[in-house]
Every structure is written in C-alpha cells, then in structure tokens.
Amino acid sequence: MRARTAVLCSVADQGVAALTNILVLVAAARLSTLADFARFSAVYLVFTVLLGVSGAYTGQPLVLKRGAGEETRGACRSAVAFTVLASAVIGALLAAVCVLVPGDTARALLMLGLVLPVVLGQDAVRYAFATLQQPHLALTGDLLRLGCVLGALSVQDYGASPARLIAVWGLSALPALLLSAALLHRATAGSPLRLRPLLRRGHLGQRFTVEFGVGNATGQLSVLGLGAVGNPLLVGALRGATTLFGPLNVLYTSATSFGPPMLGRITDERHRIRATAALAAVLAGIAALWATVLALLPDSAGRQLLGDTWPVAVDLLPATGSQYAAMAVGTCGLLALRMLDPRTTLAIQVVFSLTAVAFLAGGYVVGGVPGAAWGLFLGSLCKAAATWIRVARLRRRTVAPDRTVAVAEDTVGGRA
C-alpha cells in the first residue's frame, strides 16, 4: 500500500474507533441520570485503563516490527491470541470478585469482565493489521463495530442501568471481532503461534506497560480516587469534558500507535525529528481550535451531546482544552523519543506522571473540580517540556560523534 493511502486508512481507522467510544459515552450520558452516568464513567474508565495496558504490552511493541515476513505475521497472530487469552483470565477474575460486591457499580464491573475478551481482542487485531500494513482491514472491522454499537444503543430506553449499557456496548463488538479474526487468519495462515516470548523477561511490552501505568493510568485512577474520597461527581464532570475532546484522541492515538511505521519511512533522522515537531505544532493548533468551537456551542446543542452532564462539563473547557494542547506536544515528544531510543521514556513518565497527580490533587484542594482540571493541564505541560528537552539532548549526543568522525576523516585525508 502506498504511504499516503496507508496514512489515510490509519487515521480513518483511528477516527472510526474513537468516534465509537465518543458515541458510547454520549449515548450513555443521554440515556442515564447524572448519578448513573458517573457510575458508567467510572466503569468505562476502568476499561480505558485495561485497554491502554493491553495496547502497551502487545500493541506498541508489535507496531515497531518492520517487514511483512513470516516472523512478523507470526508475531501478529501471537499478539492477538495472547490478548484474548489474557483478557479472558483478567475478566473472569474481575467478574468473580464483583459477584460478591453489592451495588450498581459492581454489577457494571461484572459485565465489563464478561465482555473484556471481546473488546480487547477486537482492538488487538487493529494493531496486527497496522503492523501488516493493511490498515484498510482494520477500518473495515471498526466500521462494522460502529454500526453495531449505534444500532444496539439506539433501542435502549432512558434510565437503563450502567450494567445493561456496558453489556450492550461490549457484545456489540462481537461481529467486528469475528470478521477481523477471519481476515487476520487469512493474512497470517501458516505462520507460527508463539505465546511464550510475550511472557519472557525483557519483553519490550513490559517496559511500555510500566510507562503507561505511571503515565496514563496513574492520572485516571487518581481521578477515581478523588471521586471516591471527595465529590463523586468529579469523575462524571472530568469524563464528560474529556468526551468532548474525543476527536483529538483520534489523532493522538494515531501518532503513538501508528506513527512509528509511517515516520520510519523518513530515512534521515534530523528530518524525521523535524517532521515530528511539526506534527506537534499542528496537533496543538487543532486542540486550541477545537476548544474554541466547543466554547461557542449553544447550551441547547451541548445538552443534546451530554444531557445533564453538559452544565458541569462546559465550565471545564478552558482547562481541558489547554491540557489537550499540552498533551499534543508531549505525545509527539514521546513519539520522537521512541524512534530515537525507546528505553529513554520510562524515567520521564514516572517523574512527571507523579507530578501530574500532585497537581491534580492540589488543584482539587484549592479550586474544586475546576482546580483539578487545571492541575491536569500543568502536569501535561511539564511532561511536554521534559520530553522535548530529552529529544534535544539525544540529538546532540548523536550529532557530536558524527561531526568528530567527519573532522577526523578530513584531517587524515589532508595529511595523506
């Protein structure tokens, strides 16, 4: 597939996948009371963490592979099989624990455990198609899933419980999983299935999972913690505000998950870093523009999107918009570091993710929910600055030896 077509299909696939997640949250907000949406948001946040862990452990190491030989095809097949098996085990444990816990949130978590292999398996196939340079197949599966989700949620009544909505959302991904699995089997038939390398010590996914844990999951779990000990509506408010910026997650996910194969086509390292920096500027500008568009929405349109959650979400737009602009710069900085040296990002993720949690808690103490949103912005801003400082230092280290070698060659040539 030509580079331009591959990029368009990858971005379109991410767009459809993100649109599906956005519409799920929008539908849940419109079908639920404010309290039920807060419960649904908490459970969906747990799924988001598990989805990120799955992508970090199997998906991101997979897309760093090059070529489409038998080894790569076997790696794709093994990654999908491993994801389905691991998510089945984790989902069964989650469901078993929640059976013993009363409450609507526990019942919703139980349903999440039951549908977890379906939703995570379907996402893993997308990484496999991207690695095989067949993003149009991933797009086909995601279009089917979008249609199934819209059809299933459109027939639900207002006041549906969070557990019912989770079950409907999860099972609606089953047709897409079956279609994607059939397409992947045709593309990887005869390739070896090796699960043991994914469990060996030193697997790159282990490092990426730690990075995700301290980089993304820490912040999301801290929001859950503040909602548990403070104001429970904090989760719904922040989740509602971030839902409005769902289209930007399309671009960010495309950059982190499928950027390396695309940018890897640029052979010169200096030009590759410049292209990544230009991408950061473009994404930050889009984030600012999108925040402006949302701020200008009339109240009636906002309520059509988020229902009862709109009044609390709209007040967070300036902070969340600023956070997403900073996230754009930081995302591309981490992408540049992944291409320079994928083992250099862990320290940044640890330090500045904990810094973001501190800003989140401090902002909540000082200014309530709006203060927490501004704290998330400050954390993202600090991480973005740290990533590009690290990129600049690595570039200087790699350029300096090249210049030394060039000077030495010129000196030897002059003496000769």
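This is a predicted model: local features need pLDDT of at least 70, side-chain atom pairs count only at pLDDT 80 or more; totals for chains, interfaces and linings use all residues.

User: What makes Gly141 in H5 a contact residue for H4?

Analyst: Contact needs heavy atoms within 4.5 Å. Gly141 is among the H5 residues that meet H4.

User: Why is H4 called roughly antiparallel to H5?

Analyst: The two helices pack at about 155°, with axes 7 Å apart. Angles over 145 degrees count as roughly antiparallel. H4 is therefore roughly antiparallel to H5. Their crossing is left-handed.

User: How do you know how H5 and H7 run relative to each other, roughly parallel or roughly antiparallel?

Analyst: Take H5, residues 135-154, and H7, residues 174-188. Their axes come within 8 Å and cross at roughly 165°. The cut-off for roughly antiparallel is over 145 degrees. So H5 and H7 are roughly antiparallel. This crossing is right-handed.

User: Which residues meet between H5 and H7?

Analyst: From H5 come Leu137, Thr140, Gly141, Leu144, Arg145 and Cys148. From H7 come Pro175, Ala176, Leu179, Ser180 and Leu183. The classes are 7 nonpolar, 3 polar and 1 charged.

User: Why is H2 called roughly parallel to H4?

Analyst: H2 covers residues 34-63 and H4 covers residues 104-131. They pack at an angle of about 30°, and their axes lie 9 Å apart. Angles under 35 degrees count as roughly parallel. That makes H2 roughly parallel to H4. H2 and H4 cross in a right-handed sense.

User: What makes up the contact of H2 with H4, by class?

Analyst: It has 15 nonpolar, 6 polar and 3 charged residues. On the H2 side they include Arg39, Phe47 and Leu50. On the H4 side they include Asp104, Leu112 and Tyr127.

User: What does UniProt list as "transmembrane region", and what is the chain there?

Analyst: The unreviewed entry lists several segments, including residues 79-102 and 317-337. In the model, residues 79-102 are 88% helix and 0% strand. The end C-alpha atoms of that stretch are 35 Å apart. Residues 317-337 are 100% helix and 0% strand. Here the end C-alpha atoms are 30 Å apart. The "transmembrane region" label itself comes from the UniProt entry.

User: How many of the residues score at least 70 in pLDDT, and where is it below 50?

Analyst: The chain averages a pLDDT of 81, and 83% of the residues score at least 70. Over residues 404-416, the pLDDT is below 50.

Note on methods
Residues are numbered from 1 along each chain as its sequence is written. Side-chain values use heavy atoms; hydrogens and water are left out. Axes are lines fitted to C-alpha atoms, for helices over the stretch in contact, and angles run from 0 to 180 degrees between N-to-C directions. Helices (H or I, at least four residues) and strands (E, at least two) are DSSP runs, numbered from the N terminus. Angles under 35 degrees count as roughly parallel, over 145 as roughly antiparallel, 65 to 115 as roughly perpendicular and the rest as oblique. A crossing is left-handed if the near helix is turned anticlockwise from the far one by less than a right angle, and right-handed if clockwise. Ala, Val, Leu, Ile, Met, Phe, Trp, Tyr, Cys and Pro count as nonpolar, Asp, Glu, Lys and Arg as charged, and the others, Gly among them, as polar. UniProt positions are given in the numbering used here, feature names are shortened, and annotations may be inferred rather than shown by experiment. pLDDT is the predictor's confidence in each residue, from 0 to 100.
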